[in-house]
Amino acid sequence: MKEYQTITEISGPLVFAEVDEAIGYDEIVEIETPNGETKRGQVLESSEGVVAIQVFEGTEGIDRKSSVRFLGETMKMPVTEDLLGRVLDGSGRPIDGGPDIVPDERRDIVGAAINPYSREYPEEFIQTGVSAIDGMNTLVRGQKLPIFSASGLPHNDLALQVARQATVPEEDEGEDDEGTEFAVIFGAMGITAEEANEFMDDFERTGALERSVVFMNLADDPAVERTVTPRLALTTAEYLAFDKGYHVLVILTDMTNYCEALREIGAAREEVPGRRGYPGYMYTDLAQLYERAGRIEGREGSVTQLPILTMPGDDDTHPIPDLTGYITEGQIMMDRDLNSQGVKPPVNVLPSLSRLMDDGIGEGLTRGDHADVKDQLFAAYAEGEDLRDLVNIVGREALSELDNKYLDFADRFEEEFVQQGYDTDRTIDETLDIGWDLLSTLPKEELNRIDEDLIEEYYVEEGQAVEA
């Protein structure tokens, strides 16, 4: 292994060094400072005679006297089933005071794309216990469904609720030990120490940590490390899913911080910026992460992604949510108005979307009436929302009796269906029964999106109990 003392320039998180041999892209580097400290880095650019190295721990203390060693391999994640219950930093090193990790193997963090021929179509329901997701924008195994939020909204509370409650219903029925086949990989990027403490307190209080692996990159950690954290998390998820048969839910927060790190590194490399200063290759970079969700034919496990991003300035046309929407299969939209009304979780179901929902619901998956109920709830709530705008102009007295019923429906939908707090875990049956309870406040003839047999079975006049 050659050692160089040929550093020529230090720019932000980057170190440039002269070399006299071919160095591979993404190769891992050790830089030893004059005071004996060793920092890790990764080759970002390799041209004849010069390499650019991004340093994970920051470039403080590095000078021209520092020595550079190229390890001849790309970054690898030590993987083992014993990672469950552990807390690691953004570079994959344990920070929970536990023993060192003894890996079964070490895997390249870039991973390999799933062969399209071997991909299995996602169509099995995941119960999150959150009505706004389960009932209206259902999550299925192998899907990537981001949460589009904004600064100050409680997206972390929703993420923790899903991490605690997410189950695979068919596993629960046949297993004595409920949910043992379901694991959560939690990758935090650029979050504050306060947020990190909230996450860890919740994981430990509820016992969710036992089936989780947590990767924690804090706001004061180097931005470069943020580009590695989600890849370490997804490599661990792929191992648990496709080698050990777990159904894995990967929660990545906050993808906006990840993209800001890409922009920072791009600026340090003096790249020509794309839209709003972000690198032109950001779409490709995000796709490399999101497309690592899925199922493989013949393998028991699955990787399902729930990335969270905060839209800068509440702008859903911003490059980060815009590109994310192109790659993923829908989105869950958090709403500032609902949050100010005290609705928890403040999920606006109308602009939300799950493109794979129709294949993951129905008889044998959720319930035979699910699709019809969902369509009718969407239609009735949209009608109520439109009438709210009209009321602001003409007043409620000018509306017909039916219009007033739709207005009341919209209010009750937010108060009873969407509103449930962060500690309530609803089964899909409970969610659909609440939906029928709300639809029963409308005249039967208005339920034009529901099969008549289902109306006979579930519809009850207002004031009577809903059939189970």
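Which residues in α7 meet which residues in α8? In this predicted model, local features need pLDDT of at least 70 and side-chain atom pairs count only at pLDDT 80 or more, while totals for chains, interfaces and linings use all residues. Residues are numbered from 1 along each chain as its sequence is written, and side-chain values use heavy atoms, leaving out hydrogens and water.

On the α7 side, M255, Y258, C259 and L262 meet M282, D285, L286, L289 and Y290 of α8, where contact means heavy atoms within 4.5 Å. By class, this contact has 8 nonpolar, no polar and 1 charged residues; Ala, Val, Leu, Ile, Met, Phe, Trp, Tyr, Cys and Pro count as nonpolar, Asp, Glu, Lys and Arg as charged, and the others, Gly among them, as polar. T256 is buried, with a relative accessible area of 7% (buried means under 20%, exposed over 50%, partly exposed in between, with a 1.4 Å probe and protein chains only). Beyond its neighbours within four places in sequence, T256 touches L309, T310, P312 and I320.

Turning to the aromatic rings, the structure holds 7 aromatic pairs (rings of Phe, Tyr and Trp, the last by its six-membered ring, with centres within 6.5 Å; planes under 30 degrees apart count as stacked, over 60 as edge-to-face and the rest as tilted). F186 and F203 are edge-to-face, because their planes stand at 80°, with centres 5.3 Å apart. F186 is buried at 0% relative accessible area, and F203 is buried at 1%.

Notes
Helix = DSSP H or I, 4+ residues; strand = E, 2+ residues; numbered from the N terminus.
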